[in-house]
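Have a look at the model first, then work through the points below.

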Amino acid sequence: MKALTETQDKQDLHNDIRGTTQMKRTIPTKQLKKKAAVFAAAGLLAAGSILSGCGAGTQAPAASPADKQGAADGGKVKLQFFQNKPEAKVSFDALIRKFNAANPGIEVTQVNVPDAETVLKVNVAKNEVPDIVGMGATDTFASLSKSGTFQDLSGHEGVKTVQPAYIDMVKKTTGTAELYGIPLTSNANGIIYNKALFAELGLTVPKTWDELMAAAEKIKTAGKVPFYHTFKDSWTTMISFNSLASNLQPENFIEDRKAGKGTFAEGYKEIAEKQLKLVELGHKDQNGKGYGDGNTAFAKGAAVMYLQGVWAIPEILKANPAIELGSVPFPASNDPAKNKLVSGVDTLLAVSKTTKHSKEAAAFVSFLLQPDNVKQLITEQKSFSAVQGVAQDDKNVTGLNAAFEDGQLVDFADHAIPGTMKIDTIIQEYYFKKDMAAYLKKLDSEWEKVQSRK
């Protein structure tokens, strides 16, 4: 039964990659130009490698790229660590140097590329799975796990050191009893605010939606900008979406939607209305500003609040080391008890099912999970530890600690939405056109398209 399930999931993955190429039609023209090369590569390789693989019904033994490169290197075991966070590249380089120095018989190299999830899917299609993968608990991770790409790590020694809530989150993402990735770090998505401007305007930290709107109107009346938006980069539209949808969507909405019950048009009306309200309280040319622009502008006081994840804080501080920042969960509703902090597995560690060096790969996973190494990573990245007993004590994010301590956490809503829907571009189009009826209709139609391909 398991083999049959994996075959079906490989077909789902095939459909997922094929869908990636089909979704090009939904992406605005400017983004198409930027992503054309990547999608073209994915489409060609998916059409060739994956289709032949699915047709055969079996998967040939794979060799990792590191295996191919390192066979003649004095017997040293070479491992490839593929991870998807460009802002974490320097941090992982330092940890890898530490691991390699302590393990002279093993050499780990890092791969970090733009549009990493698409590249990873292409590599899987080519049967060249990296030995170890670091990525978020996303829909892509779920698809790869269910298609038999990764090992079941349930028995790894590091599992018992991780917060059980994050273990459950990973299993819920894949929908399996097996554990295909061990959580390493988590992140948080909310409001970053300028403490000096809050004090200057006599503002208090909002705990409800109405308090947030009142603060925004007071900021606007004072001639300042309440929120800085960077919609030129489509992924940044997900911050406000996740802040609202994770807290406001009907209970079991995704499960019901998969079962053909309910629609986005019915369940997402309040979310869509509040998304548009946040856009109205932004600055001029928010559609022409990207993530880098936003970090710099916010650092220089261009807005009082910034809807971003904690990963933006190091970049803000680079632009203005003297700025004092505060962080707070997004108050999506008027019931403070229901306003949970959006937090998910930022990086989990998965091991290829076909690696020839399982023992060495497991050793590298154990190394990264060690408390001192996790502490180094979260300190540099301003993220949070999934390993128990390792606290984040940076003053810029201590406003979020209560939510972690009380367990007032909710996963990113988009983690349960198929990546091939390209929901970021759908939201970006909504923010450009501001047509709520068309937005909700498109969410439903794209959902149906993806489901029909499964």
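Predicted model: local features only at pLDDT ≥ 70, side-chain atom pairs only at ≥ 80, totals over all residues.

1. As for the hand, α19 passes α20 in a right-handed crossing.

2. Who does the touching in that pair? On the α19 side you'll find Ile 423, Ile 426, Ile 427, Glu 429 and Tyr 430, and these meet Met 436, Tyr 439, Lys 442, Leu 443 and Glu 446 of α20. By class, the contact of α19 with α20 has seven nonpolar residues, three charged and no polar ones.

3. Next up are α10 (residues 237-248) and α13 (residues 269-280). These two pack at an angle of about 150°, and their axes are 10 Å apart. That angle makes α10 roughly antiparallel to α13. The crossing of α10 and α13 is right-handed.

4. For the α10/α13 contact, α10 brings Ser 240, Phe 241, Leu 244, Ala 245 and Leu 248, while α13 brings Glu 270, Ile 271, Lys 274, Gln 275 and Leu 278. Sorted by type, the residues of this contact come out as six nonpolar, two polar and two charged.

5. Now for α16, covering residues 358-369. This helix has 12 residues and spans 16 Å from its first C-alpha to its last, close to the 16 Å expected at 1.5 Å a residue. Which of its residues are buried? In α16 they are Ala 361, Phe 364, Val 365, Ser 366, Phe 367, Leu 368 and Leu 369.

6. How does α16 sit against α17 (residues 371-381)? The axes of α16 and α17 come within 5 Å and cross at roughly 65°. Since 65 to 115 degrees counts as roughly perpendicular, α16 is roughly perpendicular to α17.

7. The contact between α16 and α17 involves Phe 367, Leu 368 and Leu 369 of α16, which meet Pro 371, Asn 373 and Val 374 of α17. Its residues divide into five nonpolar and one polar, with no charged ones. Phe 367, Leu 368 and Leu 369 are also among the buried residues of α16.

Conventions. Residues numbered from 1 in each chain as written. Heavy atoms only, no water. Helix = DSSP H or I, 4+ residues; strand = E, 2+ residues; numbered from the N terminus. Expected span 1.5 Å × (residues − 1). Buried < 20%, exposed > 50% of the residue type's maximum accessible area, 1.4 Å probe, protein only. Axes fitted to C-alpha atoms, helices over the stretch in contact; angles between N-to-C directions. Parallel < 35°, antiparallel > 145°, perpendicular 65-115°, else oblique. Contact = heavy atoms within 4.5 Å. Nonpolar A, V, L, I, M, F, W, Y, C, P; charged D, E, K, R; others polar. Left-handed = near helix turned anticlockwise from the far one by under 90°.
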